[in-house]
Amino acid sequence: MKIAVLPGDGIGTEIVAEAVKVLKALDLKFEMETAPVGGAAYEAAGHPLPESTLALAKSADAILFGAVGDWKYDKLDRPLRPEQAILGLRKALGLFANFRPAICYEQLTHASSLKPELVAGLDILIIRELTGDIYFGQPRGRRTAVDGHFPGAEEAFDTMRYSRPEIERIARVAFEAARKRSKRVTSVDKANVLETFQLWKDVVTEAHKDYPDVALDHMYVDNAAMQLVKAPKAFDVIVTGNMFGDILSDEASMLTGSIGMLPSASLNDKKQGLYEPSHGSAPDIAGKGVANPLATILSAAMMLRFSLNQPEAADRIETAVKKVLAQGLRTPDIYSDGTTKVGTVQMGDAVVNALR
Ligand code: NAD
Ligand code: IPM
Ligand code: MN
């Protein structure tokens, strides 16, 4: 079993170190190889996703990823951004199915942005399409406007785009996932306005015919954003496009207490996967030793379950996380009265100790 470890930028290095520590404590036989990615690789090797890093990722059974990006690139006039590394990996490995489970652990109901009764027992799964949509659609670029409200002005454009097979395969992933849960899928679109999402809705509805045991409903994304904070437990599996899924998963993270709790798995059709927290490099807290490593540790558990065929080890990690939360240990993002504030490393150590 070979794991490519790509820590990246900002808190990426801090949180991945904790997940690696937990993986090593399992006493399984892994080969782990680390490579630079993101801004760190851009500075050292001239590209956010160097050839050697991509080759390592392709050769691995699974990739453990931290985060990439830094505010300084907003001001620097560079042809690429660190974020190109994660987008490039998703595209190059065909990682089209992104699982982002939003689970509110019993001990964190009071850390949620919502009233405890609205999130107690919350367990929803956002399935985000990850290699299409406006993120990758061509053409895109800048030009001088020839029409519109301001002809002659500089304008920028992106293309929102989905093909029938791209929609169908993610819909099937969602229906299959729902079969193992409470058998409900909500497909989130903007079919009242966008051609792309009219096709989305049609294709999801057609694919649904093969899953009569699963209930399907459709919801516009603006309403879905509202319903998520009104009555999140009404959802089970949410399936949506790349951009809506990006936004809704950050929103859903706050139902669980913190974005520092939301893991993710990005899979291709070969079960090869990239595992990363749903959050970014958090430049505002990088280097301070306070980042919550649990989203990354829980991503490592997803890696063991989905790509490395080690479900017992995955269970051990998830149980250990619940134990440390029950012990009252909290990084600042989930701290509340009566709990004990700890840093990134202490939290990782506590998970390791709770494994035994
Ligand atoms: P962010 O997710 O990095 O941070 C948003 C807020 O959440 C910040 O206040 C941060 O301190 C907090 N936060 C995030 N993770 C946390 C954790 N583990 N523990 C405690 N608090 C945490 O989003 P941003 O600030 O918009 O983006 C920063 C950079 O990260 C940008 O360059 C962005 O493009 C990049 N980014 C990368 C990824 C990725 O690599 N997959 C994902 C999202 C954002
Ligand atoms: C995420 C991030 C990425 C995305 C960025 C960094 C490209 O926000 O993984 O959620 O938009 O997909
Ligand atoms: Mn995001």
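**Notebook: two ligands and their surroundings**

I began with ligand 2, and I note that the space it takes is the second largest pocket. The model I am reading is a predicted one.

**Entry 1. Ligand 2**

I listed the residues that surround ligand 2 and found Glu83, Leu87, Arg90, Arg100, Arg128, Tyr135, Asp246 and Ser278. I then sorted this shell by class: 5 of its residues are charged, 2 are nonpolar and 1 is polar.

For tyrosine 135, I read 2.5 Å between a side-chain N or O atom and an oxygen atom of the ligand. For arginine 90, the corresponding distance from a side-chain N or O atom to an oxygen atom of ligand 2 is 2.7 Å. For arginine 100, I read 3.0 Å, again from an N or O atom in the side chain to an oxygen atom of ligand 2. On its own, ligand 2 has 320 Å² of accessible area, and the protein covers 77% of that area. I also placed arginine 100 in the fold: this residue belongs to strand β4, residues 97–103.

**Entry 2. Ligand 1**

I turned to ligand 1 and found that it sits in the second largest pocket. I counted 20 residues around ligand 1, the closest being Glu83, Glu276, Gly280, Ala282 and Asp284. By class, I recorded 9 nonpolar, 6 polar and 5 charged residues in the shell around ligand 1.

For contacts, I read 2.4 Å from an N or O atom in the side chain of glutamate 83 to an oxygen atom of ligand 1. I then checked the backbone. A polar backbone atom of alanine 282 is 2.8 Å from an oxygen atom of ligand 1, and a polar backbone atom of serine 281 is 3.1 Å from an oxygen atom of this ligand. The protein covers 72% of the 810 Å² of accessible area that ligand 1 has on its own.

**Entry 3. Annotated binding sites**

I consulted UniProt, where an unreviewed entry lists Arg90, Arg100, Arg128 and Asp222 under "binding site".

I located aspartate 222 in helix α9, residues 221–230.

**Entry 4. Backbone geometry**

Which two residues are joined by a cis peptide bond? I found glutamine 138 and proline 139, with omega at about 0°. Proline 139 has its place in the loop between β5 (123–129) and β6 (141–144).

I also recorded aspartate 27, a residue other than glycine whose phi is positive, near 60°. Aspartate 27 lies in the loop between α1 (11–24) and β2 (31–34). I kept both entries because most residues other than glycine have a negative phi, and most peptide bonds are trans.

Conventions: Residues numbered from 1 in each chain as written. Chains lettered and ligands numbered in written order. Predicted model: local features only at pLDDT ≥ 70, side-chain atom pairs only at ≥ 80, totals over all residues. Heavy atoms only, no water. Near = heavy atom within 4 Å. Polar contact = N/O pair within 3.5 Å; in protein donor to acceptor, adjacent residues only side chain to side chain. Areas by Shrake-Rupley, 256 points an atom, 1.4 Å probe, with all protein chains shown as cover. 1 Å grid on protein atoms, 1.4 Å probe; cavity = no way out; pocket = protein on both sides within 12 Å on 5 of 7 lines; lining within 4 Å. Sits in = over half its atoms within 2 Å of the grid points. Nonpolar A, V, L, I, M, F, W, Y, C, P; charged D, E, K, R; others polar. UniProt positions renumbered as here; feature names shortened; annotations may be inferred. Helix = DSSP H or I, 4+ residues; strand = E, 2+ residues; numbered from the N terminus.
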